[in-house]
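The following note sets out some remarks on a ligand site. Please read the points alongside the sequence and the coordinates.

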Amino acid sequence: MISEKLNFAMDVAKGAGEILKKHFGKSKEIMFKGEIDLVTNVDLESEKFIIGKIKDRYPDDEILAEESGDLEGRGGLWIIDPLDGTTNYAHDYPKFAVSIGYSEEGELKFGVIYDPLLNELFYAERERGAFLNGESIKVSFIGNLAVSLVATGFTYDVRTTGRNIPEFNKFQITVQGVRRDGSAALDLAYIASGRFDGFWEYGLKPWDVAAGIVLVEEAGGKVTDMGGAQYKVGDYDILASNGKIHSDMVELIREVRRNNNG
Ligand code: IPD
Ligand code: CA
Ligand code: CA
């Protein structure tokens with residue numbers, strides 16, 4: 001049995017997903033938060049919908065949402081990305097999702113990630129497992145980097161910092177394939193469902209990863225920082241995997257950083 005709050009979060013994620021789907025491929029208003037960091041009117045509409053639903057049902061709860069910041073409250077904390085994959089969305093590239101995480105007293109309790117185009121609803125609750133459209137999911141069994149499919153992403157300051165380029169290059173010649181698909185939430189959901197074996201990225205925000213962390217951990221995977229230490233929401237770097245290739249990924253990154261004085 002899943003909790004009432006998770007059930008509610010699943011309905012809200014589906015409702016927000018409908019908004020994203022309705023506007024997908026149509027003309028939209030694109031605004032720049034940074035040189036390559038975008039937001040559209042659809043991000044804002046989706047976020048307004050999610051916040052409105054939470055405020056109606058759980059008025060005492062606190063909300064941390066990408067476009068609205070921190071809306072204070074005395075109850076649990078909802079961590080929301082109303083559209084993860086905005087660059088994809090702005091280019092009509094069909095890879096994006098709604099991500100809703102929930103924590104109490106600093107501990108993540110559940111997470112929901114919804115891809116409205118594929119109608120894939122990923123969700124997980126602490127100690128209760130991870131699911132995709134009602135079916136239990138588990139991380140992959142692959143234990144060798146050479147046959148792994150891994151994913152990553154780049155910070156919006158990559159043009160000036162070049163951050164993660166050396167790591168990307170090294171992974172590319174070590175593993176079976178590297179994907180940069182533009183939605184960290186889906187990258188994590190795909191580790192939980194065994195489609196990806198590993199994922200690493202610098203500079204992600206709580207709303208990019210909160211839901212995905214619960215999914216990966218409940219599906220039997222591991223989430224740490226790049227050095228292999230326990231990941232805390234708000235950390236600058238994240239490394240998630242099926243657990244079996246985790247130490248090899250930590251080692252590869254350590255070696256790249258040693259060679260680049262990073
Ligand atoms: C972005 C995506 C992308 C990641 C970026 C994130 P947004 O979120 O998750 O995969 O590489 O770092 O900021 O801006 O599309 O919500
Ligand atoms: Ca995001
Ligand atoms: Ca977003």
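**Remarks on the ligand 1 site**

1. A polar backbone atom of L83 lies 3.3 Å from an oxygen atom of ligand 1. The model is a predicted one, and this separation should be read as a value computed from it.

2. Two further polar contacts may be listed. The backbone of G182 places a polar atom 3.1 Å from an oxygen atom of ligand 1, while R180 contributes a polar side-chain atom at 3.2 Å from an oxygen atom of the ligand. As for exposure, ligand 1 taken alone exposes 380 Å², and the protein buries 94% of that area.

3. Where does ligand 1 sit? Its location is the largest pocket. Around ligand 1 there are 16 residues, and the closest of them are D84, G85, T86, Y156 and E201.

4. With regard to secondary structure, strand β5, which spans residues 77-84, supplies the largest share of the shell around ligand 1, namely 3 residues.

5. At the level of domains, both domain 1 (4-136) and domain 2 (145-261) contribute to the shell around ligand 1, with at least three residues drawn from each.

How values were computed: Residues are numbered from 1 along each chain as its sequence is written. Chains are lettered from A and ligands numbered from 1 in the order in which they are written. This is a predicted model: local features need pLDDT of at least 70, side-chain atom pairs count only at pLDDT 80 or more; totals for chains, interfaces and linings use all residues. Side-chain values use heavy atoms; hydrogens and water are left out. A residue is near a molecule or strand if one of its heavy atoms lies within 4 Å of it. A polar contact is a pair of N or O atoms within 3.5 Å; within protein, one must be able to donate a hydrogen and the other to accept it, and residues adjacent in sequence count only if both atoms are side-chain atoms. Accessible areas come from the Shrake-Rupley method with a 1.4 Å probe; for residues, only the protein chains shown count as cover. On a 1 Å grid over the protein atoms alone, a cavity is a set of points where a 1.4 Å probe fits but cannot get out, and a pocket is an open set with protein on both sides within 12 Å along at least five of seven lines; lining residues have an atom within 4 Å of a point. A molecule sits in a cavity or pocket if more than half of its atoms lie within 2 Å of its grid points. Helices (H or I, at least four residues) and strands (E, at least two) are DSSP runs, numbered from the N terminus. Domain bounds come from an automatic or database domain assignment.
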